Amino acid sequence: MKRSKILGVGHSLPDRIVTNEELSEVMDTNNEWIVERTGIEQRRWFTPGVDTVTSLSKKASLQALERAGIEASELDFIVFATITPDYYVPGNGVLLQRELGIPGIGALDIRNACSGFIYALSVADQFIKTGMYQRILVVGAEIQSSGLDKSDEGRSSAVIFADGAGAVVLGTSSDENSGILSTHLHADGTYAEELYCKDPGSSREDRFSQELFDSGSFFLKMNGNVVFKHAVVRFIEVINEALKANNLSKENIDLLVPHQANLRISQYIQQKLEFPDEKVFNNIMTLGNTTGATIPIALSEAWEQGRIKPGDLICLAAFGSGFTWASALLKW
Ligand code: UT7
């Protein structure tokens, strides 16, 4: 069976930098709390009228295509991970496809939040392995800031989430020993309401009523403690699952790129795995948590900084709303 491989990776961030000080002017929070509990010093938020999920993902995709050395016209398919599409319907894959000027090819949206990019990568990997497609654009992009509760009540989520986009071009590997070795996807809907956005839910008499707006049910709600406790367990579990499936051990990993949920979660994982700093990539300090976009943005930045080299064993891992969690092991 064919193996799939990342041929190019890119990312794009909104220009607007939002510091912790700026947030403390609109809600009851402070720099010390945010840095101590999350590691975040600043994040990027979009500028209305300038950035859209489509525009950010287009820039990320063009960079990934350029680095892969292929034209958009050579793509066979798009898999787009986002929970914050520009439109409620249709999904964002078709909007990106239109912007790239490649009508006709299929475009699929994935709504698995923080694990969305690894789910998307896994779907693309299956299409390439079976020979159905040769070149797939896999995107993770979000604009979270427009949907955050920026009152005191929403502060624990508002200080974390941010905006940005990342993309990879997945193609057929010419070398049997390099590319995606395996992906591992999990979910447990028991915890769906621990991190969710209830409305506009369809099972409502009037899903856009003023009453619902006023109740705050359009905002993302997170039970941070519960999410944190499950995350640290599942991250380790799913990383070990990937290693076991490939008869590898943690010492074989050159770089772990965890979903950027909270720096404390990444540090906990690092400590459990007994990894030195150079084996874990974090950028949440400057970019915040961009949900489905954190992993492709981190991959792109790590690649730019020379922290990913040909032949390296890279482990991707994520946990988030659903709960869902996932990992991917790849030889670069
Ligand atoms: O990517 C998707 C998955 N998401 C995650 O993985 C997030 C996981 N969870 C977390 O990262 C953390 O739980 C948070 C950063 C969200 C919260 O940190 P925490 O250490 O769990 O804080 P907490 O919710 O237990 O709150 C501790 C205190 C509370 O005050 P009291 O009751 O002790 O007086 C909160 O009201 O901190 C207060 N607090 C804040 N204070 C200042 C909560 N948010 C803030 C804030 N600024 N932004």
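Me: Before the sheet, what makes two strands pair here?
Reply: Two strands pair if DSSP finds at least two bridges between them. Strands (E, at least two residues) and helices (H or I, at least four) are DSSP runs, numbered from the N terminus. This is a predicted model, where local features need pLDDT of at least 70, side-chain atom pairs count only at pLDDT 80 or more, and totals for chains, interfaces and linings use all residues. Residues are numbered from 1 along each chain as its sequence is written, and side-chain values use heavy atoms, with hydrogens and water left out.

Me: OK, what's the strand order in the open sheet?
Reply: It goes β8-β13-β12-β11, four strands with mixed pairing.

Me: And which strands are at the edges?
Reply: β8 (179-187) and β11 (255-258), each pairing on one side only.

Me: How many bridges join β8 to β13?
Reply: Eight, and the two strands run antiparallel. Ser182, for one, has Leu329 in β13 as its bridge partner.

Me: Switching to cores. Which residues have the most contacts inside the largest nonpolar one?
Reply: Ile239, Leu256 and Ile269, in a core of 41 residues. A nonpolar core here is a set of buried Ala, Val, Leu, Ile, Met, Phe, Trp, Tyr and Cys residues joined through side-chain atoms within 4.5 Å; buried means under 20% relative accessible area (1.4 Å probe, protein chains only).

Me: Which elements give two or more residues to this core?
Reply: α8 (224-245), α9 (263-273), β12 (313-320) and β13 (324-331). α8 gives the most, with nine residues.

Me: What does Ile269 touch?
Reply: Phe235, Ile236, Ile239 and Leu256, leaving out residues up to four places away in sequence. Contact means heavy atoms within 4.5 Å.

Notes. Buried means under 20% relative accessible area, exposed over 50%, partly exposed in between (1.4 Å probe, protein chains only).
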